[in-house]
Each structure stands twice: as structure tokens, then as C-alpha cells.
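Please go through the fold of this protein from one of its sheets to the annotated sites. The sequence and the model are shown first, and the explanation follows.

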Amino acid sequence: MVTRVVDLRSDTVTKPTEAMRAAMASAEVGDDVLGNDPTAFHLEAEMAKIMGKEAALFVPSGTMGNLISVLTHCDIRGSEVILGDKCHIHIYENGGIATIGGVHPRPVKNNDDGTMDIDLIEAAIRDPRREIVYPTTRLICLENTHANSGGRCLSAEYTDRVGEVAKKHGLKLHIDGARIFNASVALGVPVDRLVRAADSVSVCISKGLGAPVGSVIVGSKSFITKARRLRKTLGGGMRQVGILCAAGLVALQDNVGKLENDHKKARTLADGLNQIKGLRVDGPVETNIVYIEIEEGSHTNAGKICKELEDRGILLMRESLSRLRVVFHHQISASDVQYTLSCFQQAVKGVQTENGN
Ligand SMILES: Cc1ncc(COP(=O)(O)O)c(C=O)c1O
């Protein structure tokens, strides 16, 4: 029987802290759709201030945050958005921008560090003189940190350069900042500086920040006014939502400071895994995400390792036959990291011995 569980599937799996539960229990609430939930206002005002934007809006999820942002910028059907071919919006959000918003995605190759080459972005912008055949480019989306690239951080300078291209062509810039605080902590750059060039940012509070539910989108007052209406259209207007926002306020206050430790734990695991024959960590570990490649000829695969680890209470994500993903959060301890490493050693050795290696 498994006595210890180490859940490394995602940073979304955290349970609310005692402080969050207490804040939720005593939150002052109103009807947010009618515009008078004081705790929702408080969280939105706080997030807008931290991100250096005029206004903010609490939404139920990162997916809805991105959808509302893209649709608010691209409010004419047949608009086109330039985004990375490995970004979350393009791959994991059910194609909602197209199916719900009539927005056409124009994917550009993501480099290993999560960037897209600036010249490729510029080349992907449609020539408005050929609008008889082309959709109209209206938006560029970045993702920081870039999850599929292993939690790599986009620098403020890179983001500024993309912002300049957007401005030059009359486009808007949206950042999927699900883990923007991880980027800020890892780069040592204030979060408002990282997103200065962006017209909107969607920030998850239920990932590394550990709140149970929600994201907050930020932007100009007029952007947020339109976004609020669209949130209602999508069924995302929530009445006594201050209950959830109260946990978000605790997350901002208590948990941003814990991210650095999550990054350290990720690096410790990565260093240990790189010592195990047959395993290789993919790319530098900058934040809380670690991708593990199972090397060819190692006589095991991601499914077998997952199963072996699961039997020992360690949960992680299988990305493909040869690739695993581990994500750190504040409820993983240093001893969990050592336990995970020793279980990896046993799991890989067990399979290799079985195969006579
Ligand atoms: C980079 C990124 N953006 C957006 C999302 C969507 O967030 P949610 O699961 O809250 O819809 C995720 C979720 O994992 C993510 O990793």
C-alpha cells in the first residue's frame, strides 16, 4: 500500500493553505455580476497595481483568461493571431479562439527557449493590401514562462522587441502569463517590467501561487470593460466570487516568495536525474518545470517508469513514449525531492536489470 504521495503532475494540484481557507471563510462578498463584491475588487485592484496596468478582471481559469483576451483584441471575425506553435493557447485550449471566436491562428515556430524569431513574427504579419484573400492580423501572443519548452523565461528585452513589432504594425500584444511570477522570480526582474510592452496579460493564481481557482487578466480600463462583458457571455460571471478572490489575495501575499524554492527543488531533481544512466533532462531548468527524456537503448520507456513510480506514490505526467514531465510547487518538500530521486533510480535500475543490463 502506498503511504506517501508526491504529486508532481502539475503546479495546479496544490491544496489551499490554512490561511487561504480562513480568508475564504471570512471573506466579505457581494454580487460581482452586479458589480459589488468588495473582495473581487480588492484582488483585481491589487493585481492591476502589481502588473502595472490600469485594470483587472478575475476569471475562472487560464483558458478563459486567454480566450477572453484574444477575443477582446480580435472582436471582428476573421481576425488572425500570431502565436507560437508550441504555446498553450494553440495546443491545449480546444482551439477555442477559432471555434468560439472565429479567430484564425497563425502559428510561428517556437524555439527551444520559448521565443519566436522576431523576423519570423514580422514575416507572418499579413499584408493588408491583400485583404481580399488574407485574414487580418490583429494580435501577437507570447507565453511567459513557456510551459512546453520546460518553463523557460522570456526576457523583458525580448518582450519589448515583440511589442515594438506589434506597435509598428498596429497590432496588440497579449501575454499568457500563467506563470509570469515564476519568470519574474527566476529573472530577478519585477513582474510589471516583464509585461510593460503587453496590452493584456492573463495571470494564473491557481498554478505555482497555489490558490484553488482562477486567473486574473490585466490591461487598460477599456480592455477590461469589454472583457467583463465577454466573461458574462461565456458564462464566467460569478456571483459571490469574493470567496475565491480571498484565496487569491493570500496567494499573492504568501506564495510569490515560495517560487524561488520551487525552482531550486526543480534544479536539484534535474541534477540528480542527469546522474541516472538512461535519463536526460531536456534543456536548462530555469523555473519549476522539468522535462525528462528517456534515452534510446535504455530498455525502458515513459509508461513503465510512470507505473513503477506510481507504485511508490509518485505521480507525474507522461508526455510521450520517451518523455516525462515533472512540475514543482510549494507543497513538495526537499525530502520529497530526495525520495523521488531514489524512486527514479530504483525504477530505472529495476527495468534495466530485468532486461539483463
Ligand atoms: C501556460 C498555460 N497557459 C494557460 C493554462 C490554462 O490554465 P487553466 O488550466 O486554468 O485553464 C495553462 C494550464 O496548465 C498553462 O500551462
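Strand β13 (residues 323-327) and β12 run antiparallel and are joined by three bridges. Two strands are said to pair if DSSP finds at least two bridges between them, and the elements themselves are DSSP runs numbered from the N terminus, with helices being H or I of at least four residues and strands E of at least two. S320 has R323 in β13 as its bridge partner. Helix α12 (residues 259-273) packs on the sheet and touches β9, β10 (289-294) and β13. The direction of α12 makes about 15 degrees with that of β10; axes here are lines fitted to C-alpha atoms, for helices over the stretch in contact, and angles run from 0 to 180 degrees between N-to-C directions. Contact means that the C-beta atoms of two residues, placed from the backbone, lie within 7 Å.

The sheet as a whole is open and has four strands in the order β9-β10-β13-β12, with antiparallel pairing. β9 (279-281) and β12 (317-320) stand at its edges with a single partner strand each, so one side of each has no neighbour in the sheet. From one strand to the next the twist averages 30 degrees.

The model is a predicted one, in which local features need pLDDT of at least 70 and side-chain atom pairs count only at pLDDT 80 or more, while totals for chains, interfaces and linings use all residues. Residues are numbered from 1 along each chain as its sequence is written.

The protein has 14 helices and 13 strands. Its radius of gyration is 21 Å, close to the 21 Å that the globule rule gives for 357 residues, so the protein is as compact as a globular protein of that length. This radius is taken over C-alpha atoms, and the rule is 2.2 Å times the number of residues to the power 0.38. Along the principal axes, the C-alpha atoms fill a box of roughly 65 × 55 × 35 Å. Of the 357 residues, 50% are buried. A residue is buried if 20 or more other C-beta atoms lie within 10 Å of its own, exposed if 12 or fewer, and partly exposed in between, with C-beta atoms placed from the backbone. Among contacts with a separation of 6 or more, 72% are between residues 24 or more positions apart.

Another set of strands involves β5 (residues 136-143), which is mostly covered, with seven of its eight residues buried. Strand β3 (residues 79-84) pairs with β5 in the parallel sense over four bridges, and I82 stands opposite I140 in β5. β5 also pairs with strand β6 (residues 172-177), in the parallel sense over five bridges; here C141 stands opposite H174 in β6. The peptide bond from N144 to T145 is cis, with omega near 0 degrees, and T145 is in the loop between β5 and α7 (156-168).

How enclosed is helix α3? Twelve of its twelve residues are buried, so α3 is largely enclosed by the rest of the structure. The buried residues include G62, L67 and H73.

G62 is one of the residues touched by C204, along with A178, R179 and S215, not counting residues up to four places away in sequence. C204 is in strand β7 and counts as buried, with 25 C-beta neighbours inside 10 Å.

UniProt, in an unreviewed entry, places the feature "modified residue: N6-(pyridoxal phosphate)lysine" at K207. UniProt positions are given in the numbering used here, feature names are shortened, and annotations may be inferred rather than shown by experiment. K207 is in the loop between β7 (200-204) and β8 (215-219). K207 is buried, with 24 other C-beta atoms within 10 Å, and touches D11, T12, A178 and R179, not counting residues up to four places away in sequence.

Two further loop residues have positive phi without being glycine. N94 has phi near 55 degrees and lies between α4 (88-92) and α5 (96-99). N94 counts as exposed, with 11 C-beta neighbours inside 10 Å. H299 has phi of about 60 degrees, lies between β10 and α13 (302-311), and is partly exposed, with 16 other C-beta atoms within 10 Å.
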